[in-house]
Amino acid sequence: MLVRLLYASRAVEPTQSAIEDILGSARQHNQQQGVTGILVYGGGVFMQAIEGGRQVVSDLYGTIQRDARHQDVVLLHYEEILERRFGGWAMGLVDVGRVNASVLLKYSERAELNPYAVSGKVSMALLEELMATASIVGHT
Ligand SMILES: Cc1cc2nc3c(=O)[nH]c(=O)nc-3n(C[C@H](O)[C@H](O)[C@H](O)COP(=O)(O)O)c2cc1C
């Protein structure tokens with residue numbers, strides 16, 4: 001029983017090394033748990049999609065919500081899925097600073113990451129676009 005969950009949050013300490021720390025342990029943990037997904041980061045904002053077994057994703061989201069390295073965690077989208085979208089990534093990373101502005105502008109008023117201002121559906125569409133434009137870095 002696979003599910004996908006998408007949420008947004010604001011980084012408490014928006015530095016490269018803080019993000020690397022999060023990613024490092026996330027990738028290791030996710031691989032063990034059969035979790036895949038994408039972490040998008042830009043302008044102090046995170047948006048993360050996680051997919052995997054329903055119980056595993058539910059527990060992980062609970063853990064992530066309690067993580068003091070970010071705040072204002074908001075659920076954007078949740079669905080039961082037939083197959084994974086991000087199966088190639090234990091946790092892929094998208095640095096919005098490296099993304100073509102037109103990709104961001106396609107889905108929002110300004111060329112910035114602001115999942116707080118758009119629907120979960122629109123944020124999922126942005127993730128699809130980031131996949132299509134090969135903006136995701138990382139490995140399984
Ligand atoms: C923005 C953000 C995204 C995270 N994503 C993941 C993730 O995908 N997988 C994961 O295991 N932990 C993730 N974490 C870390 C968890 O909140 C938690 O620190 C970690 O699972 C605990 O691992 P440990 O028991 O090995 O210390 C994330 C944290 C933040 C702030």
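Visitor: How many salt bridges does the structure hold?

Guide: In this predicted model, one of the salt bridges is formed by the side chains of E80 and R54. Salt bridges that share partners also join R4, E51 and E79 into one network. The total for the structure is eight.

Visitor: Which helix contributes R54 to the salt bridge with E80, and how many residues apart are the two?

Guide: The side chains of E80 and R54 meet with an N to O distance of 3.4 Å. The pair links distant parts of the chain, with E80 in strand β4 (residues 70–81). R54 belongs to residues 54–65, and the two partners are 26 residues apart; the helix is α2.

Visitor: Which parts does the salt bridge of E128 and R85 tie together?

Guide: The side chains of E128 and R85 meet at 2.9 Å, N to O. The pair ties together parts 43 residues apart in sequence, because E128 and R85 lie in separate elements. These are helix α4 (residues 120–132) for E128, and for R85 the loop between β4 and β5.

Visitor: What is the N to O distance between D67 and R69?

Guide: D67 is partly exposed at 24% relative accessibility, and R69 is partly exposed at 39%. The side chains of D67 and R69 meet in a salt bridge, for which the N to O distance is 2.8 Å.

Note on methods
Residues numbered from 1 in each chain as written. Predicted model: local features only at pLDDT ≥ 70, side-chain atom pairs only at ≥ 80, totals over all residues. Heavy atoms only, no water. Salt bridge = Lys/Arg side-chain N within 4 Å of Asp/Glu carboxyl O. Helix = DSSP H or I, 4+ residues; strand = E, 2+ residues; numbered from the N terminus. Buried < 20%, exposed > 50% of the residue type's maximum accessible area, 1.4 Å probe, protein only.
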